[in-house]
Amino acid sequence: MRLRNVNAPFSFAGTKRFALAGARILASRLPYRDAPVDRDGFALTDVLIDEGRIAEVAPAGRSDFGDAPKASLAGGVVLPTFVDAHTHLDKAHIWRRAPNPTGDFEGALKAVAEDRAARWTASDVAGRMDFCLRTAYASGTAAIRTHIDSIGAQTRISWPVFAEARERWRGRIDLQAAPLFSVEFALDEAHMAEIEAMLEACGSNILGAVTYMVPRLSEGLDILFALAERKGWDLDFHVDESADPAARSLGVIAETAIRRGFPGRILVGHCCSLSLQNEERQPRTIEAVAKAGLSVVSLPMCNMFLQDRQGGRTPRWRGVTALHELKAAGVNVMIASDNVRDPFYAYGDLDMLEVWREGVRILHLDYPFADWAPVVREAPARAMGLSLESLRPGARADFILTRARDFTELFARPQADRTVLRDGAPVAPAPDYAEIDGLEGLS
Ligand SMILES: [Zn+2]
């Protein structure tokens with residue numbers, strides 16, 4: 001069976017029982033250990049799919065699967081679905097109506113604040129969020145954590161929109177959300193009462209904030225930790241998104257977690273300035289992060305866009321955190337999308353294969369590539385408390401099929417012709433931008 005359609009090289013329309021023949025799957029993800037492995041760590045595998053579930057997995061050529069039609073993948077790399085641990089679905093796709101003319105962090109904060117106050121109604125947020133989810137689903141993502149700007153009246157507008165989207169997407173994309181506000185707001189009792197009530201009402205169990213080196217940082221963190229401890233919630237912080245080595249709130253978060261013996265999960269994002277700290281301080285901070293059990297998510301595309309940007313001067317720094325050193329210290333590390341077509345990042349498409357591809361280039365997540373494959377699936381799932389299905393009979397037949405035959409072919413092209421199978425059936429392509437012209441202020 002090798003049917004073609006316009007969008008993808010593989011087509012399975014209407015086929016309930018079929019085999020993927022000659023799929024290149026990372027051997028570390030297979031349920032057996034006796035298959036020959038190539039130099040990238042892949043093993044040629046046949047997978048029988050029946051009624052949306054995996055029926056059998058075997059080394060290539062070992063089983064004939066009876067009369068099931070076979071799709072020959074010709075050694076193409078087959079990936080499991082992605083997990084995207086750090087996004088901003090409420091901010092996405094506002095670039096046209098809220099551009100960031102300086103392209104830096106301060107310009108982004110200002111542009112978003114103005115647009116949020118003027119235009120983030122429930123229907124505006126819902127429309128852009130749904131566009132994001134359809135885009136992510138089309139590219140092969142099965143779980144997303146988003147941050148939700150939670151300041152003033154916006155909290156009451158955005159959270160019910162998120163809760164509705166989470167229910168609508170249940171079974172296709174696992175959705176989580178954390179509130180986003182500056183850590184100083186933790187000192188405002190009325191604000192915190194509203195955050196607690198809204199998370200409770202919307203069934204969310206992740207508290208979050210942006211940390212800056214403000215004088216009352218420790219006090220604000222203790223309030224957030226105490227609330228999370230009382231409710232049994234996890235924590236998720238935006239941390240040190242700055243080129244200033246004096247931005248060291250990562251160490252303060254780690255010390256707070258250690259001092260309090262915090263029992264939940266903590267995910268910290270960005271941590272850009274860590275990579276600019278001196279050779280004495282950086283290892284000490286990383287040691288504390290490892291001891292505290294923090295997970296770290298790097299946002300390579302957004303960091304390279306915003307960091308080290310000065311008009312008329314060529315950037316010298318990629319903006320990313322010390323991800324290799326963190327991984328070597330045993331820290332759970334990952335990469336994620338962050339912003340999409342908004343003032344913090346003008347590009348992006350909630351495509352974790354793009355994030356992985358760019359992560360390989362920006363952060364050198366290669367040699368060996370396979371060692372870093374968990375950064376787009378297993379590591380974020382652990383940080384989010386998700387249990388992933390492994391590749392075994394009975395599991396949902398969720399796969400991303402490509403024509404690449406090794407990692408360099410995989411990352412050399414954008415894999416725009418990939419086929420995403422969910423429950424054994426191909427999913428629709430990403431929606432057209434024209435659908436959100438109205439939301440972007442074009443009509
Ligand atoms: Zn972010």
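Predicted model: local features only at pLDDT ≥ 70, side-chain atom pairs only at ≥ 80, totals over all residues.
1. A salt bridge here is a side-chain nitrogen of Lys or Arg within 4 Å of a carboxyl oxygen of Asp or Glu.

2. Arginine 168 and glutamate 164 lie in H3, 4 residues apart, about one turn of the helix. Their side chains meet in a salt bridge at 3.0 Å, N to O. Side chains of opposite charge can pair when their charged atoms come close.

3. Now the surroundings of these charged residues. Are they buried or exposed, or something in between? Arginine 134 has a relative accessible area of 30%.

4. Which residues are linked in a network of salt bridges? The network includes Asp130 and Arg134, and it takes in Glu164 and Arg168 as well. Glu435 is also part of the network. Across the whole structure, a search finds 38 salt bridges.

5. Lysine 91 pairs with aspartate 149, and the closest N and O atoms are 2.6 Å apart. This pair links distant parts of the chain, 58 residues apart. Lysine 91 is in the loop between strand E6 (82-87) and helix H1 (105-119). Aspartate 149 is in strand E7 (residues 141-149). Buried or exposed? Lysine 91 and aspartate 149 are both buried.

6. Strands E6 and E7 also belong to a sheet. What is the strand order? The open sheet has 3 strands, ordered E6-E7-E8, with parallel pairing. E6 and strand E8 (174-180) are the edge strands, each pairing on one side only. Neighbouring strands are turned by 15° against each other on average, direction ignored. Strands of a sheet pair through backbone hydrogen bonds, either parallel or antiparallel.

7. E6 and E7 are joined by 4 bridges in the parallel sense. Threonine 87 has threonine 146 in E7 as its bridge partner. Helix H3 lies across E7 and E8. H3 runs at about 170° to E8.

8. The zinc site comes next. Which residues coordinate the zinc ion? His86, His88 and His238 each contribute NE2, and Asp338 contributes OD. The distances are 2.0 to 2.4 Å. The spacing of the donor residues in sequence is H-x1-H-x149-H-x99-D. Histidine 88 and histidine 238 link distant parts of the chain, 150 residues apart. Histidine 88 sits in the loop between E6 and H1, whereas histidine 238 sits in strand E10 (residues 234-239). Both histidine 88 and histidine 238 are buried.

9. A word on the geometry of that site. The angles among the 4 donor atoms are 86 to 177°. Four donors count as tetrahedral if all angles lie between 85 and 135 degrees. The site of the zinc ion is classed as irregular.

10. Strand E1 (17-26) is worth a look. Of its 10 residues, 9 are buried, so E1 is largely enclosed by the rest of the structure. E1 runs antiparallel to strand E2 (42-50), and 8 bridges join them. Arginine 17 has aspartate 50 in E2 as its bridge partner. E1 also pairs with strand E4 (residues 70-72), in the parallel sense, over 3 bridges. Leucine 20 stands opposite alanine 71 in E4.

11. Last, proline 31. This residue lies in the loop between E1 and E2. Proline 31 is partly exposed, at 47% relative accessible area. Which residues does proline 31 contact, leaving aside its neighbours within four places in sequence? The contacts are Val57 and Leu391. The C-alpha atoms of proline 31 and arginine 392 are separated by 6.3 Å. Along the chain, proline 31 and arginine 392 are 361 residues apart.

Note on methods. Residues numbered from 1 in each chain as written. Heavy atoms only, no water. Helix = DSSP H or I, 4+ residues; strand = E, 2+ residues; numbered from the N terminus. Buried < 20%, exposed > 50% of the residue type's maximum accessible area, 1.4 Å probe, protein only. Pairing = 2+ DSSP bridges. Axes fitted to C-alpha atoms, helices over the stretch in contact; angles between N-to-C directions. Contact = heavy atoms within 4.5 Å. Donors = N, O, S within 2.8 Å, 3.2 Å for Na, K, Ca; no water. Tetrahedral: all angles 85-135°; square planar, octahedral: opposite > 155°, others 65-115°.
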